[in-house]
Amino acid sequence: RGLIHKSSRPNGKACLDHCFDCTVLWETCSSYASRNQLDPCKVLDIVLKSQIYSPSDQTRASWLTLDRSAWKPPSLNCRWYDVDRALNCGCVTSAIPALE
């Protein structure tokens, strides 16, 4: 616990550090991208937007929100609502991507 792992991931995402889980996430995205001739940073971005931070949508059930075919940036009010909700629940990991 608490170890820092060496990673080939470029810096730039505040919600990811060099813990075991973040390193494995990056290595998985990088490996997938390499096998499919994709940009690993774009693959990681898609995973972050669809799995780590999915903007809330008060007009739909949360499980329907994840099924969007195209991700569009949420409004500033929606992002602040998500940050407030995440911090009130103690979910700092969810609050950081909402701020990014």
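R85 is partly exposed, with a relative accessibility of 39% (partly exposed lies between buried, under 20% relative accessible area, and exposed, over 50%, with a 1.4 Å probe and protein chains only). The model is predicted, so local features need pLDDT of at least 70 and side-chain atom pairs count only at pLDDT 80 or more, whereas totals for chains, interfaces and linings use all residues. Residues are numbered from 1 along each chain as its sequence is written, and side-chain values use heavy atoms, with hydrogens and water left out.

The protein chain contains five helices and zero strands (DSSP runs numbered from the N terminus: H or I of at least four residues for helices, E of at least two for strands). Of its 100 residues, 27% are buried.

R85 forms a salt bridge with D82, with 3.8 Å between the closest N and O atoms (a side-chain nitrogen of Lys or Arg within 4 Å of a carboxyl oxygen of Asp or Glu). The count by this rule is one salt bridge. D82 and R85 are three residues apart in helix α4, and therefore about one helical turn separates them. D82 is buried, at 2% relative accessibility.

Helix α4 spans residues 76–88 and includes L76. L76 is exposed, with a relative accessible area of 59%.

Helix α4 packs against helix α5 (residues 92–99) at an angle of about 165°, the axes being 8 Å apart (axes are lines fitted to C-alpha atoms, for helices over the stretch in contact, and angles run from 0 to 180 degrees between N-to-C directions). The two helices are therefore roughly antiparallel (under 35 degrees is roughly parallel, over 145 roughly antiparallel, 65 to 115 roughly perpendicular and the rest oblique).
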